[in-house]
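Hi everyone, thanks for making time this morning.

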Amino acid sequence: MELLDGKKVSNQIKEEIAVEVSKMKERGEKVPHLAAIIVGNDGASLTYVGSKVRSCEKVGFESTLVKMPSTTSELELLKKIEELNENDDIDGFIVQLPLPPQIDTQKVLLAVDPDKDVDGFHPMNFGKMALDMSTFIPATPFGILELLERYNVDTKGKHTVVIGRSHIVGRPMSILMGRKGWPGNSTVTLTHSHTKNINQITSQADIIISALGVPNFLKAEMVKDDVVVIDVGITRVTDDTKEKGYYITGDVDFENVSKKASFITPVPGGVGPMTIAMLLKNTLLARERHRGRK
């Protein structure tokens, strides 16, 4: 069994991006600038955005954090998005989800300029991805592809089972794993909460990508020998014996499934760090595109 070490690979990617940025500086070019909007005080979101800002500093990007109160109206947020759309200094930006209930998330994601949508959530970018056109791939799926590629995991002709059909991970992964090219060219089954006989389907899979958010859902008896397992799930489980009062776990019963797997991602330290690294990579791509146009 080989561990797909997202922490190690994400650090490699950040080092590669930092080299690119230093070359830009040497040439007297503008460095990439990533902005993030956060509405409210959701603890997990603040932690995640803080991590993005630190990563920007590490690779030499400029970064802007726009904090808005939880009472922000939809119109106020849309105005702020319009400002960032029109600001030529900003190459890419994200709107941190979830948003407060008074704001229509769909309307907000549609308002982001597709050319600056480094999260890859805009329908135009999603559509381009589905059609195999050059675009921003959502950061988590992009990170999974990068892990498979860097560990030379064979996907051609393999049976990939995706568990979960979210627009952020499950659905894009099902499209990307079935596309022509590598990683891709696999036969994909997309499963979800209404799938019958899921154990039977997962037991036939060569590659399993689980993005369900149910702790320890995937058990050893549900997988075959030498399976490749990508665990996207991340859940806080209450545990009074731990100093923090909880522990972090994924969708996969790691201890037992890892005994049968050929490759597996840990949680934490697998897909999570890759998401931020690929957001930076998308921002670098955005800067290169904008420079090309000018």
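I'll start with the overall layout and then visit a few helices and residues one by one.

Before anything else, please keep in mind that this is a predicted model. The protein is divided into domain 1, residues 26–113, and domain 2, residues 139–273. Taken over C-alpha atoms, the centres of domain 1 and domain 2 are separated by 28 Å.

Over residues 4–119 the chain is 50% helix and 16% strand, with the end C-alpha atoms 23 Å apart. The unreviewed entry also carries the annotation "domain: Tetrahydrofolate dehydrogenase/cyclohydrolase NAD(P)-binding", covering residues 138–290. The span 138–290 is 33% helix and 20% strand, and its end C-alpha atoms lie 19 Å apart.

Now, what holds the inside together? In soluble globular proteins, nonpolar side chains tend to be buried together. In this model the largest nonpolar core has 48 residues. Those with the most contacts inside the core are Ile17, Phe61, Ile144, Met173, Ile209, Ile230 and Val232. Helix 10, residues 271–293, gives the largest share of this core, eight residues. The core also draws at least three residues from each of domain 1 and domain 2.

Let's take Ile144 from that list. Which residues is Ile144 in contact with, leaving aside its neighbours within four places in sequence? They are Met173, Ile209, Ile230, Val232 and Val271. Met173, Ile209, Ile230 and Val232 were also on the list of core residues with the most contacts.

Next stop, helix 3, which runs over residues 74–86. Its 13 residues, at 1.5 Å a residue, should span 18 Å, and the end C-alpha atoms are 19 Å apart, which agrees. The buried residues in helix 3 are Glu74, Leu77, Ile81, Leu84 and Asn85. Seen down the axis, these buried residues fall within an arc of 105 degrees, so they line one face of helix 3. What sits on the face turned away from the buried side of helix 3? There we find the exposed residues Leu75, Lys79 and Glu86. As for the partners of helix 3, its buried residues pack against strand 2, strand 3 (62–68), strand 4 (92–95) and helix 4 (105–111).

Is His33 buried or exposed? His33 is buried, because its relative accessible area is 6%, and the cut-off for buried is under 20%. Setting aside residues up to four places away in sequence, His33 touches Glu62, Ser63, Thr64, Asp89, Ile90, Asp91, Gly92 and Thr283.

Helix 5 is followed by Asp132, which has a positive phi, near 65 degrees.

Helix 7 brings us to a spot that UniProt annotates. The unreviewed entry's "binding site" covers Gly164, Arg165, Ser166 and Ile234. Gly164 lies in the loop between strand 5 (159–163) and helix 7, and Ser166 lies in the loop between strand 5 and helix 7 as well. Gly164 counts as buried, because its relative accessibility is 5%. Ser166, with a relative accessible area of 32%, is partly exposed. Leaving out residues up to four places away in sequence, Gly164 touches Gly170, Arg171, Leu190, Thr191, His192, Ala211 and Leu212. With its neighbours within four places set aside, Ser166 is in contact with Arg171 and Pro172.

Tyr246 is in strand 10, residues 246–249, and at 22% relative accessibility Tyr246 counts as partly exposed. Tyr246 and Arg236 are ten residues apart in sequence, and their C-alpha atoms are 6.1 Å apart in space. Apart from neighbours within four places in sequence, Tyr246 is in contact with Arg236, Val237, Thr238 and Asp239.

That's my tour, and I'm happy to take questions.

Methods
Residues numbered from 1 in each chain as written. Predicted model: local features only at pLDDT ≥ 70, side-chain atom pairs only at ≥ 80, totals over all residues. Heavy atoms only, no water. Buried < 20%, exposed > 50% of the residue type's maximum accessible area, 1.4 Å probe, protein only. Contact = heavy atoms within 4.5 Å. Helix = DSSP H or I, 4+ residues; strand = E, 2+ residues; numbered from the N terminus. Expected span 1.5 Å × (residues − 1). Arc of directions from axis to C-beta. Core = buried A, V, L, I, M, F, W, Y, C linked by side-chain atoms within 4.5 Å. Domains from an automatic or database assignment. UniProt positions renumbered as here; feature names shortened; annotations may be inferred.
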